[in-house]
Amino acid sequence: MPGDTLQEFLAIYTQQLKPLLRERALAGWQVATTGETAAAEHMAEVTKALMTLHADPERFAQLAAWVHEPPPADPWLARQLETTHLAFARYQMDEATIEQLASLAKEVHRAFVNFRGTFQGRPVSNNEIETILRTAPGSEVLQAAWEASKQIGGVVVETVLTLVHRRNEAARRLGYPNYYQMSLALDEIDPARLFGMLDELDALTREPFRRAKARLDRVLAQHYTLPVAALRPWHYHDPFFQRPPQVGPGLERLDQFFADVDQLELAKRTYGGMGMEVEDILSASDLYAREGKDQHAFCTMIDRDTLDVRVLCNLQPDLRWTETLLHELGHAVYDRYLPPALPFLLREPAHTASTEAIAMLFGRLPLNPTWQREILGLPAGVVAELTPALQAQERLGMLIFIRWGLVMLHFERAMYTDPEQDLNTLWWDLVERYQFLTRPEGRHAPDWAAKIHLALYPVYYQNYLLGELMASQLQHTIEQRFGRLVNEPRAGRFLVANYFAQGATADWDRTIERATGERLQPRYFVEQFVA
């Protein structure tokens with residue numbers, strides 16, 4: 001058995017893990033930037049090798065034995081034992097299951113990278129579809145574009161359902177009711193606490209959202225010269241209604257402020273004003289759309305030792321992609337400023353939700369009046385004129401995202417609980433319940449499967465909602481201590497020293513508590529955007 005002591009075990013494991021993590025990140029980057037079949041095959045092989053490394057039952061048994069002993073006195077060593085045990089627990093499955101899961105994920109990933117919906121007889125990118133949804137004047141064109149955004153669902157649905165069944169089977173062999181419950185447990189998330197917070201957010205946002213959406217519906221109905229009752233999902237400018245339409249006084253001007261600016265310079269000024277450098281991250285990144293490239297956006301840490309961090313975007317000169325660039329760079333600076341003194345196994349964010357918090361904190365900035373004056377360079381008078389509408393838009397956007405997140409979380413939990421149920425109907429039941437949208441008449445299609453997270457990033461979406469709550473708690477602490485986030489180096493130093501520097505030495509809840517003095521509390525988000 002590799003390593004007679006815990007220290008020896010971890011040293012050998014780290015030596016084996018490092019090159020596989022780097023190779024998988026490079027392979028994933030190659031797939032995302034080229035869509036090449038050979039790259040996808042290589043990524044699947046490396047993914048399988050990583051799963052196989054963690055599937056070793058003898059090594060898992062040794063870790064389990066150490067976990068049940070008194071913990072090491074060294075807190076970093078104790079935490080490495082905890083996180084390594086969780087990593088091995090996730091992949092205690094046979095070789096055939098590993099092979100099948102890796103192969104199915106490769107098939108779905110390749111489909112999402114290469115697929116282009118058909119609109120008016122021609123293939124269109126996601127960016128084109130979203131432009132049409134924002135700008136087309138008539139319902140017929142909007143509906144056609146919206147339906148094009150869902151076509152990928154029909155392509156991948158059977159493979160996704162097979163993945164769900166195989167994941168569930170693997171989870172049950174490990175003693176869990178299903179893959180959803182297993183994933184939360186191994187991510188150190190208490191389902192009762194998570195869904196308790198979600199129920200609280202549902203209750204607190206339901207009526208504010210109902211009132212805000214009623215106002216939005218009146219604006220949209222006037223915009224499209226329709227009665228409110230005739231509005232359908234394609235009238236809301238986003239394929240899933242997860243962000244707000246830009247309609248109404250002042251809002252339709254927003255994109256024009258980004259039409260002629262250098263978004264990379266905006267990013268450099270944003271992070272530079274807080275003492276964080278992003279130039280080398282941007283120079284290593286892939287930022288503009290082209291054929292065969294992944295149409296989404298993400299940040300990846302290629303190598304923890306060399307601090308090779310990259311961002312993929314498909315930038316357009318508009319508000320949405322400026323927010324996305326700042327969001328992804330939030331992930332990147334967290335990775336980049338992890339202390340090299342931390343052990344390799346702890347030299348990563350505390351949790352996915354913890355890094356989402358930083359991404360969301362910075363992704364909010366383009367609607368911040370101080371950012372608009374000092375970074376974007378808008379005249380103070382223009383900002384003052386826009387501020388009421390922008391504050392209302394930000395509040396609406398947060399309400400929309402929380403309600404959309406409730407759809408995703410409740411759907412995914414239900415899907416893994418019973419994947420044989422009518423998921424197409426369930427999807428629209430939840431959309432109507434939480435987003436107050438009217439389902440399209442006579443439609444029975446796997447629209448849920450068009451959401452890439454449900455296929456390739458399972459049991460992930462709670463990290464976005466937890467991240468929004470964390471971002472508000474961090475913002476509250478920063479503003480209490482330093483007055484502002486924008487162009488405030490002390491705020492940057494605070495994040496680096498009190499949040500990033502912890503790495504994965506604690507779980508997500510203890511990490512936010514160390515930085516802010518409290519465990520995660522929904523009240524700061526509610527005070528900022530709901531109350």
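Reader: How much space lies in the second largest pocket?
Author: The model is a predicted one, in which local features need pLDDT of at least 70 and side-chain atom pairs pLDDT 80 or more, while totals for chains, interfaces and linings use all residues. Residues are numbered from 1 along each chain, and side-chain values use heavy atoms, without hydrogens or water. A pocket is an open set of points on a 1 Å grid, reached by a 1.4 Å probe, with protein on both sides within 12 Å along at least five of seven lines. Taken as the space filled by probe spheres on its joined points, the second largest pocket holds about 340 Å³.

Reader: Which residues are closest to the centre of the second largest pocket?
Author: Lining residues have an atom within 4 Å of a point. The second largest pocket has 18 of them, and the closest to its centre are Asn368, Glu394, Gln475, Glu479 and Gln528.

Reader: Which element gives the most to the lining of the second largest pocket?
Author: Two or more residues come from each of α14 (369-376), α15 (380-417), α18 (462-482) and α21 (523-529). By class, the lining of this pocket has 7 nonpolar, 6 polar and 5 charged residues. With 3 residues, the element that gives the most is α15.

Reader: What is the volume of the largest cavity?
Author: A cavity is a set of points where the probe fits but cannot get out. The count comes to 3 cavities of 30 Å³ or more. The volume of the largest cavity is about 70 Å³.

Reader: Which helix supplies the largest share of the lining of the largest cavity?
Author: This cavity is lined by 13 residues, and Pro239, Phe240, Trp427, Trp428 and Val431 lie nearest its centre. The lining divides into 10 nonpolar, 1 polar and 2 charged residues. Both α7 (139-173) and α16 (423-435) supply at least two residues. The largest share, 4 residues, comes from α16.

Reader: What distance separates the end C-alpha atoms of helix α1?
Author: The expected span is 1.5 Å times one less than the number of residues. Helix α1 (residues 6-34) has 29 residues and should therefore span 42 Å. In agreement with that value, its end C-alpha atoms are apart by 41 Å.

Reader: Where in α1 does the kink lie?
Author: The bend is the angle between axes fitted to the seven residues ending at a residue and the seven starting there. In α1 a kink of about 25 degrees lies shortly before proline 19, at leucine 17.

Reader: What radius of gyration does the protein have?
Author: The protein has 21 helices and 4 strands. For 531 residues the globule rule gives 24 Å, and the radius of gyration is close to this, so the protein is as compact as a globular protein of that length. The rule is 2.2 Å times the number of residues to the power 0.38, and the radius, taken over C-alpha atoms, is 23 Å.

Reader: Is valine 459 buried or exposed?
Author: Valine 459 has a positive phi of about 50 degrees although it is not a glycine, and this residue is found in the loop between α17 (452-456) and α18. Buried means under 20% relative accessible area, exposed over 50%, and partly exposed in between, for a 1.4 Å probe and protein chains only. At 2% relative accessibility, valine 459 counts as buried.

Reader: What relative accessible area does leucine 307 have?
Author: Leucine 307 is found in the loop between β3 (298-303) and β4 (308-312), with a positive phi near 60 degrees. Leucine 307 is partly exposed, because its relative accessible area is 27%.

Note on methods: Ala, Val, Leu, Ile, Met, Phe, Trp, Tyr, Cys and Pro count as nonpolar, Asp, Glu, Lys and Arg as charged, and the others, Gly among them, as polar.
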